[in-house]
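This note is for a colleague opening the structure without having seen it before. The points below can be read in order, with the model open alongside.

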Amino acid sequence: MNNPVRLEKDTEVAVIIIDNPPVNALSQAVRAGILEAIEAADSDPEVAAIVLRCAGRTFIAGADIREFGKPLAAPDLVSVIARIEGASKPVVAAIHGTALGGGFEITLGCHYRCASPAARVGFPEVKLGILPGAGGTQRLPRLTGIGTALEVIVSGDPVPAPRACEMGAIDEIIDGDLATGAIAAARRLVAEKTPLRRTGELPLDGSALPDGFFASFRARIAARTRGQFAPERCIRAVEGGLAASSFEEGRRNERALFEECLKSPESAALRTMFFAERQCARIPGIDRDTAKRDIGTAAVIGAGTMGGGIAMNFANAGIPVTVVERDREALDRGLAVIRGNYERSAKRGRITEAEATARMALIHPALDMAQVAGADIIIEAVFENMAIKKQVFAALDKVARAGAILATNTSTLDVDEIAATTARPGDVIGTHFFSPANVMRLLEVVRGRKTEKEVIATAMGLAKKIGKTAVLSGVCYGFIGNRMLEGYLREANLLLLEGATPSRVDKVLYDFGFPMGPFAMSDLAGIDVGYLVRQERRPLIEVDKTYGAPGDALYRMGRLGLKTGAGYFRYDKDNRTPQPDPVVEALIVDEAKRLAITRRDIDDGEILERCLLPLVNEGALILDEGIALRGGDIDVVWNYGYGFPRYRGGPMFWADATGLADILARIEKYRARFGDRHWTPAPLIERLAASGGRLSDYQENPS
Ligand SMILES: NC(=O)c1ccc[n+]([C@@H]2O[C@H](COP(=O)([O-])OP(=O)(O)OC[C@H]3O[C@@H](n4cnc5c(N)ncnc54)[C@H](O)[C@@H]3O)[C@@H](O)[C@H]2O)c1
């Protein structure tokens, strides 16, 4: 392999260029190359200063995370950075694109940092359950002060270069050509005989910190990063640096904490999720060469809860979108909601007033289906009713231009049946957005039996363009996410009848790491939504009289959830915090009596298992049927769509971490108690438990 690092000279300035496409990841070869180049430049008597920069679209965007968990091949990053910092001549980092993780740490070892205005720097390590382990937690606080550095390290979010400059992490923003500017900076340092500024030798001063700073920072972060391991270790690393008698002692403490993080189950889960998320975009039979259709304009049918949010996604990405409603009133209402959302974003400073106006101008309201004739993609988001959807698709078939993609946002209905109402089923696909559609990251792309490859490829590409993480699903009731949700909610409701309360069940799932429990979630989504979903399936579920009984009873009482101030919980005006409601508890007791269920004390362990095991079992069926391509895809759906705690992976990873033999035994335990109907183990779990395989790695036809 070619050396990914080369050394050039601009008279007395040596320029070290890292060229390791696509993102200049810090592989062993890059580390070795930098070390060798620094040695050569430092010992060359003709060289007065050194510039370190990257070729391609970015500075070093991070470590090569495939090297994690493997014995690290020399040289390690700590030694490389120490050698840079120890150089006898000024070393200038020239940052463009992103300098993240180890890339940012390298720049902190340089004596001077300059950056393009659009560059960003940061430490995303915490998002992988680790911490910057090559001096980052020791050097950054020496440049920016402790409080600022802690925010950067614990948030994991990239910092724009101009802000990093204000913080003291970057010395100069270069507007023109970065390479030229960096060389000029190096010459200036030489000409002005500026003493070498070695970050590791700067004092770390905590004297300005208010009393109790670490305690209050810690408490705030603990509340924000519930259940996670790494954020507290980041704090300890910085705090340890302050307590240490030398930079080296602080760095050794950082290293020990880094190793602890690396071994933690949370980090294993987060790293697996990182790869799973990237893997989702890979679809067997579809590759770079698969043709894609151009999406220059879009249309959405229906401006309700989902249609409005979907339209905003297009406008946010600069794609003009026509929104069609059935009458003026519904159209005006839908547009007013969109306008309100943009105005709120502008008021909160998330976008400028001008951006809000520009985005609104890309949304064209219409009452006539003929207005979508020119759109490249049309997404239907009308009521969840097959007859209505069929009418809409028949109408679209008449007006849409040849080659337009016809998509449905249905949550549960059969995409093939919808496609069959058109003369172009190959152009029909499901695009299942999550609510609120302008906020939620997940998009399930539903492939029909006849959907053409280029339509799938286009939908996956479009998802990326509008900032979504897309997961491919086959056609089945509820696709990946909602099909699994059914068992989760079924057991949660049954637990109420058997003796639990909504707040107890919700607390158990909240403590597991979900942002909210199943009942707060049901209240948020609307009790009527769940009721109507069950209604569609009554013939299938009516053998089981207990099914969804508490939810049905709430619906009949008109307790439709948060929007009516009462559902499984009650809500004070202008306060979304769920409050336990004795009325609901009495109602549950009555329902249990009516259904002849004897209530008992149920422990937290059972509550958790009863809710999570159905997710695992249904997920395994979905995998075996080929509805999901990979176990990791399911985990991504549950993380982004339903808030399954990322630091526990997803349901598939959680099952693997628990042990599939153990999972199987637990399912069997409930089967013995409740019968086969809901508790027959998925054959895939039996097979993998026997063979020692894993659900999260499982994929049917690896390409
Ligand atoms: N609400 C959710 O959380 C959610 C999540 C994912 C998917 N979905 C799915 O999205 C779709 C829409 O759901 P929603 O919650 O936005 O419903 P909604 O009732 O809020 O909006 C539906 C809109 O479609 C309009 N409409 C009905 N028939 C029409 C027609 N023939 N032409 C033009 N407009 C028409 C209605 O006037 C209404 O404004 C459904 O298929 C639903 O299952 C909903």
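**Notes on the model**

1. Arg333 has a relative accessibility of 51% and so counts as exposed, the cut-off for that class being over 50%. Its partner is Glu329: the two side chains form a salt bridge, with 3.7 Å from N to O. Glu329 is exposed too, at 58% relative accessible area. Both residues belong to helix H13 (residues 328-347), where a spacing of four residues puts about one helical turn between them. Please keep in mind throughout that this is a predicted model.

2. A second pair of this kind is found in helix H6 (residues 161-167). There, Arg163 and Glu166 are three residues apart, or about one helical turn. Their side chains meet in a salt bridge of 3.2 Å, N to O. How accessible are the two partners, Arg163 and Glu166? Arg163 is partly exposed at 38% relative accessible area, whereas Glu166, at 63%, is exposed.

3. Some residues are linked through salt bridges into a network, made up of Arg490, Glu491, Glu498, Arg600, Glu606, Arg610 and Arg673.

4. An N or O atom in the side chain of Lys389 is 2.5 Å from an oxygen atom of the ligand. For the side chain of Glu384, the corresponding distance from an N or O atom to a ligand oxygen is 2.6 Å. Val382 takes part through its backbone, with a polar atom 3.3 Å from an oxygen atom of the ligand. On its own the ligand has 830 Å² of accessible area, and the protein covers 80% of that.

5. Is helix H4 (residues 136-144) enclosed or open? Nine of its nine residues are buried, so the helix is largely enclosed by the rest of the structure. Among the buried residues of H4 are Arg139 and Arg142, along with Leu140, Pro141 and Leu143. The residue that follows H4 is Gly145, which has a positive phi, near 90 degrees.

6. Glu277, in helix H11 (residues 265-279), is another residue to look at. Its relative accessibility is 16%, so Glu277 counts as buried; the class takes values under 20%. The side chain of Glu277 makes a polar contact of 3.1 Å with that of Arg441 and one of 3.0 Å with that of Arg646. Leaving aside residues up to four places away in sequence, Glu277 touches Arg441, Thr469, Val636, Tyr640 and Arg646.

7. Arg538 lies in helix H22 (residues 538-541). Its side chain is joined to that of Gln535 by a polar contact of 2.7 Å. Beyond residues up to four places away in sequence, Arg538 touches Tyr531, Tyr547 and Asp552.

8. Pro4 is found in the segment before strand E1 (5-10). Is Pro4 buried or exposed? With 6% relative accessibility, Pro4 counts as buried. Apart from residues up to four places away in sequence, Pro4 touches Ile17, Ile18, Asp19, Asn20, Ala29 and Val30. Between Pro4 and Thr577 there are 54 Å in space, C-alpha to C-alpha, and the two are 573 residues apart in sequence.

Conventions: Residues are numbered from 1 along each chain as its sequence is written. This is a predicted model: local features need pLDDT of at least 70, side-chain atom pairs count only at pLDDT 80 or more; totals for chains, interfaces and linings use all residues. Side-chain values use heavy atoms; hydrogens and water are left out. A polar contact is a pair of N or O atoms within 3.5 Å; within protein, one must be able to donate a hydrogen and the other to accept it, and residues adjacent in sequence count only if both atoms are side-chain atoms. Accessible areas come from the Shrake-Rupley method with a 1.4 Å probe; for residues, only the protein chains shown count as cover. Buried means under 20% relative accessible area, exposed over 50%, partly exposed in between (1.4 Å probe, protein chains only). Helices (H or I, at least four residues) and strands (E, at least two) are DSSP runs, numbered from the N terminus. A salt bridge is a side-chain nitrogen of Lys or Arg within 4 Å of a carboxyl oxygen of Asp or Glu. Contact means heavy atoms within 4.5 Å.
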